[in-house]
Amino acid sequence: MGQKEKSDYIIHYLKTHLKAYDHDAPDHISTWLQAGLADCGIHSGLYYLIGINCGLDVEVVNGTVQEIPHGWNQIRLDGEWRHVDLAYGRFYYSDLEAEHFGYKIR
């Protein structure tokens, strides 16, 4: 399985087990997947933890989207960093596309 296929599998798993976005998510990892509640920090943290354990070159990114505090990920695919935002359902977009969507890294 290639890097993108691994990432796609993780994204699919998290998308089917977590609600899209919930500010009232419980603050403990054992309840996140059981309850299916997650905010952007939980989405990006779980993607990171699973990704690095699957051998992916992935990072957590903190910044803003249209001036609202937000967290998402970046993954290196084919030597190029791409953005992955599970909370907003945006996958593998470039820095230019991120700028267009209003993302700013702190």
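I began with the hairpin of β2 (68–77) and β3 (80–85); 2 residues lie between these strands, and aspartate 78 takes a positive phi near 55°. I took helices (H or I, at least four residues) and strands (E, at least two) as DSSP runs numbered from the N terminus.

I note that this is a predicted model, in which local features need pLDDT of at least 70, side-chain atom pairs count only at pLDDT 80 or more, and totals for chains, interfaces and linings use all residues. Residues are numbered from 1 along each chain as its sequence is written, and side-chain values use heavy atoms, with hydrogens and water left out.

**Strand pairing.** I looked up the partners of β2, where two strands pair if DSSP finds at least two bridges between them. β2 and β3 pair in the antiparallel sense over 5 bridges, and isoleucine 75 has arginine 82 of β3 as its bridge partner. With β1 (residues 58–65), β2 pairs in the antiparallel sense over 8 bridges. Asparagine 62 stands opposite glycine 71 in β2. The hairpin of β1 and β2 also has 2 residues between the strands, and there glutamine 66 takes a positive phi near 50°.

**Burial of β2.** I then checked accessibility (buried: under 20% relative accessible area; exposed: over 50%; partly exposed: in between; 1.4 Å probe, protein chains only). Of the 10 residues of β2, 7 are buried, so the strand is largely enclosed by the rest of the structure.

**Cores.** I searched for nonpolar cores, meaning sets of buried Ala, Val, Leu, Ile, Met, Phe, Trp, Tyr and Cys residues joined through side-chain atoms within 4.5 Å. The largest has 15 residues, of which Ile11, Leu14, Tyr47, Ile75, Val84 and Tyr92 touch the most other members. α1 (3–17), α3 and β2 each supply at least two residues of this core. A second, separate core of 6 residues includes Val61, Trp72, Tyr93 and Ala98.

**Contacts.** Serine 94 lies in the loop between β4 (90–93) and α4 (95–101), and counts as buried because its relative accessibility is 18%.

**Helix α3.** I located isoleucine 52 in helix α3, which spans residues 40–53. Isoleucine 52 counts as partly exposed because its relative accessibility is 36%.
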